[in-house]
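Welcome! Here is a friendly briefing to read alongside the model, grouped by topic so that you can look up each part as you go.

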Amino acid sequence: MSWQWIVPLMSIAYLGLLFAVAYHADRQAARGRSLVNNPTIYTLSIAVYCTSWTYYGSVGRAAETGIGFLPIFLGPTIMAALWWQLLTKIIAISKANHITSIADFIASRFGKSPVLGGMVTLFVVIGVLPYIALQLKAVAVSLDVLVHHLDDFLDMRGSSNPWGDTALYVAMILALFSILFGTRHLDASERHEGMVTAIAFESIVKLGAFLFVGLFVTFGLFDGFGDLFGKAMADPALQRLMTFEAMPGGFAAWFSMTLIAMLAVMFLPRQFQVLVVENVNPVHIRQASWLFPLYLLAFNLFVLPIALAGRLLFSGGGMDPDTFVLILPIQGNQVWLALFVYLGGLSAATSMVIVEVIAMSTMVSNDLVLPLLLRFRAAFREDLSGIILTIRRGIIIALMLLGYLYFRLIGESHTLVSIGIISFAAVAQFAPAILIGIYWQGVSRRAAMGGLMAGFIVWSHTLLFASFAKSGWIAGSFLTHGPWGIAWLKPQALFGLSLFDPLTHSVFWSLLANIGTLVLISLFDRQTAVEQIQALNFVNVFEKGARGGNEYLWSGFVSVSELKKLLSRFVGPAQAELDFANYMQHRLLNLEEHAQAPAHLVAFAEKRLTGAIGSASARVMVSSVVTGEELDLHGVMRILDETSQVIEYSQRLELKSRQLEAATCKLQEVNERLQELDRLKDEFISTVSHELRTPLTSIRAFSEILRDNEEMDLGDRRRFTEIIIKEAERLTRLVNQILDLAKIESGKMEWHLERVDLVEIARDAIDATHQLFENKSVRLSFHAPSYPVMLRADRDKIIQVVINLLSNAVKFCEASIGAVEVHLRQVPEGVGIEVVDNGPGIPKDDLEKVFEKFHQVDQARDETMDVPLGTGLGLTICQRIIERHRGRIWVESALGQGATFKFLMPLDPGE
Amino acid sequence: MPMMKRRKERLVVLAVLGVLAINYPLIALFSQERMVLGVPMLWFYLFVFWLGFVVSIALIMRRQHGDKG
C-alpha cells in the first residue's frame, strides 16, 4: 500500500482522536467535572499561538535569517509579564459585559456601536483569512512532501494522487469539528470545553513532535549542539546566520516584529478566544504567565539547530527550508518519526484553524450578519435561536471555503512567514482602541472608528496591496512608482520614508495614523450617554460601585412578559424562563408578567442577549421593545452624577455615623465611670465628715465639761484632758490618712521604686513599733531568712504597710498574753510578709470588708476609754500601696482564733 | 491589596527591562561570531535571557500570603 493511502488515513484517524477528546471533555463538563478549570489546560490552550507557521515556517525563516524567527516568540514572552496587569482587566470587563469576541469588545466599549463592531469584524476577516489559508496550505504541502519523499525514499512511487485536493478535505473536517464543538449553545459566553481540551491536547502533540525531531537532529544526525554549531560556523554562508547580519531590516525590523507579536498574542481572534472568552478563572493567569513563555522557549530551542542541520545536509540547495522538519527525519531513516512530525504539524494547523474559525464565526454572525438581518427583518417575531445557530454554522463553512479559495489563489506565491506577518500587523491595529480604551475614558466612538480606519488603510496600502503587487495581482509599478505614479504614495516608502524595512515602515505609519487619529479625535469629540457609561464601565471595572450604570440607559416602558418574549426569541423559551426565574430569585423580586420591568431587569435582559448576539444587536433589539424616550445625555449624566454623589455622600455619612457611634460608646463608658466616681465621692465625703465629727464631738464635749465644772478633781481633769489629746491626735492622723488616700487615688502620690531588702524593711518597722509592744507586754517574734531578700519597691511605703499591720495586731491583742509572729516568706510568684496575732479574730463576714474605707471591726475599741482605736483608713491605704506594687493583701481568720494578715508582692512591679 | 499592586508594578518593570534587554543597543553587544559553551553567543544570550525572564515571572507570581485560589 502506498504512503498516499497511509498518511491520509492516519490524518483522519488523528482527527478522529481529536473528536473523541473533545467529546469526552464535553461529557465531563456536562457531568460537572470540568477539565478546563485548570491553569495548565488554560496555558496549553493559549499555545494555539504556535501554528504551522511556527512549526514549519520558523525553521524556514531561521534557515535564511538566523535568529529572525525569534521576535514572534520573544514578544509574547514579554507580553506574558503584562498579563497580570492587562489581561485580568480585559477578562473582568468581558465577564461583566458578556463579551464574546474582540469585535464585540471594541463595539461595546464605544457605546455598543454596531458600525464599529461590523468594521472590526470586516478587518478581522480581511486580515486573518490569509492566515487560515496559510494553515490549509501547510497541511496540504506537508502531506504532499511527506508522501513524495517517503515514496521516493522507499521506492514505492504510486500513481497520481488519488485524493485530489487534500486541503479541501481537511477544511471540511475542521469545519465539521468547529460546528460540533463550537456552536453547541447560542450563548457564546458559555465556554467550549471540548474544543479547549482538544486544543490543549494538540498543543502537547505539536510540542512533543517538535522536541523529538529537534533532539533527533541535534543528537542523532549530529553530535550535540557543539558539533552542529561548530560545523555551521565553519561554513561561511552559515556563519552569518549566527549574528544580526542575516536579519533583514536589522534592529528596526527586530523591534517592530517583537512589538506586533506582543499585540498579536493578545488580539488575534483565536488568542482573544482562548485567553479571555474561554478563561474559567482569572487566577489561572498566574500560572499561564510563566508557563506559556516556557512553552514557547521549549518550542524554539531546536529551531535554529534544525535549520542549520538542514542547510548543512542539503547544501546543494533545492530543498524548501519550510519542509526541513519533515525531510530531515526521512533522511535520517526515521520513517515513524517523520510521521509523528507530520502529525505535530497537523496539530498546529488544525488547532489554529478551529479556534480562529469559531472565534470569527461568532464575530461575523453577531456583528455583521445579525445586525443586517435584524435591520431588514426587524418585524419577524418567531424563535430565532435555531436560526442563529444555523447562521453561525453556515458562517463556519463559508469561512473555511473562503480560506480554501484564498489558498488556491495565493498558490505558491508566498512563503509562510510573510502571510503571518501581514496578519499580525493587521490585528495590531486593534490594540490602540482596546489598550487606550480601557485606561482612558475619553476615547470616543468616532475616535476609535477613525483610528481603526486610518490604521487599516495604511496597513492595506503598505502591506496587503504591496504583497498583492509582489504576487503579481497588481501591476508591479504600484510598488516601484507608487499608485497612479504618485511617488510619495509608494507603499514601501510612504512620503519618501525609505529608512526602514517594509514591515517596520508599515507598522510605524499604520500605528502612527491609528493612535494619532484616535487621540486627536478623542480630544475634540463629545461622547453620547451610552458611550460615557460604557467608558466608565470599562475603565473602572475593578471599582466597586462604579458599575451598574447600564441601568440608567433604560427609561422607557416595557412589560416583564414582553422582555421575556424577546429573550426567548434568541435563547429559546425554556432558557429565557429559567434566566428570569434565577434573576428574580437572586434579586428577591416578585413581578407579575404584565408588570412594568424595572430598569435593572431590562439591563439584565440586554446583557443576557449580548452573550447570544453581541452588544450592538442586543441594544438594538431591546430598544425595539422598550417604548418611550431614551434618556438624553444630560439626563443620564445628571442621574449618574447624582447617583455617584449620593453614593459618595452616603459612604461618608456611614463613616461619620460609625465614628459617632464609637464616640458615643466611649462617652457612655466615661459617663458611667464619672457617675460611679461621683457617688463614691459623695459617700466618701459623708463618711469622712461623719468620722471627723466623732472625735470633734468628744473633744468638744470634754472641753465643755472642763469649762463648766471648775471644782472637778484633778484626777478627772487629767483623764479628760488625756482623752482630748488622744482624740486630737486621732483627728490629725485621720486627716493625714485622708490626704494620703486622696493622693494615692488621684494618682498624685510619688513613688520611689528602688532595690530594697524586705528583711531590713521588716526590722525597721518592728523597731518603730517596739514601744507599742512593750507598753502592752505583747510578745513579738520575727522569722526571716538570714540573707537579704531584694525587690524593687518604695521603701517608705512598704515600711508604712508593715507598721500599720503590726500596730493593728498589737491593738487587738490582749495585754500580757498576746503574741504576734512576723514571717517573711518567699514563694515562686514573689515575696511577702505575714503578721499573725492571737487576738479575737475577725468574723467571716467582715474578712472582705476590713480593707474598705472607714470600716471598723466592732471589737476595735479602747476598753478603757470606749473610743474607736483606728481611723478605718489604715488597711485601705495598705491595700492601695500593695496594689501599686502589683501585689495583693488579704486576711485569713476565724472568730476566736486570731487573725493573719498577709501580703505578697512580685520582685519587680515594672513601671 | 498593597501586595497585589506591588506585584503588578514589579511585572511592568520586568517587561520594560525585557524590552530593553532584547533590543538595540544592548543586543548588538552580543551579535558576535563567537561561541559560548559551544553555541553561538547571540543564541546563547537570547535563550539565557528567555529562561531568566520566565523564572522572574514565576518568582513574582509565586503565591503570596493573602492570595485567593
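## A first tour

Chain B holds two helices and two strands. Along its sequence they come in the order α-β-β-α. Please keep in mind that this is a predicted model. The points below begin with chain B and then move to chain A.

**Chain B**

- Of the 69 residues in chain B, 26% are buried.
- A cis peptide bond runs from B:Y24 to B:P25, and its omega is near 5°.
- To find B:P25, look in the loop between α1 (2-21) and β1 (35-36) of chain B.

**Nonpolar cores**

- The largest nonpolar core has 242 residues, and the members that touch the most others are A:I106, A:V120, A:F267, A:I306 and A:A425.
- Helix α16 (residues 335-376) of chain A gives this core its largest share, 22 residues.
- Another core, of 37 residues, lies apart from that one; among its members are A:A762, A:L791, A:C813 and A:V831.
- Leaving aside residues up to four places away in sequence, A:I106 touches A:L116, A:G117, A:V120, A:F430, A:A433, A:I434 and A:A448.

**Helix α17 of chain A**

- Helix α17 of chain A covers residues 385-410, which is 26 residues.
- At 1.5 Å a residue this helix should span 38 Å, and its end C-alpha atoms are 37 Å apart, so the two values agree.
- The buried residues of α17(A) are A:S385, A:I388, A:R392, A:I395, A:I396, A:L399, A:M400, A:G403, A:Y404 and A:F407.

**Positive phi in two loops of chain A**

- A:N333 is a residue other than glycine with a positive phi, near 70°.
- This residue, A:N333, sits in the loop between α15 (324-331) and α16 of chain A.
- Is A:N333 buried or exposed? A:N333 counts as exposed because it has 10 C-beta neighbours inside 10 Å, and the cut-off for exposed is 12 or fewer.
- A:W484, also not a glycine, has a positive phi near 50°.
- Its place is the loop between α21 (477-480) and α22 (502-524) of chain A.
- With 8 other C-beta atoms within 10 Å, A:W484 is exposed.

Definitions and conventions:
Residues numbered from 1 in each chain as written. Chains lettered and ligands numbered in written order. Predicted model: local features only at pLDDT ≥ 70, side-chain atom pairs only at ≥ 80, totals over all residues. Helix = DSSP H or I, 4+ residues; strand = E, 2+ residues; numbered from the N terminus. Expected span 1.5 Å × (residues − 1). Buried ≥ 20, exposed ≤ 12 C-beta atoms within 10 Å, placed from the backbone. Core = buried A, V, L, I, M, F, W, Y, C linked by C-beta atoms within 7 Å. Contact = placed C-beta atoms within 7 Å.
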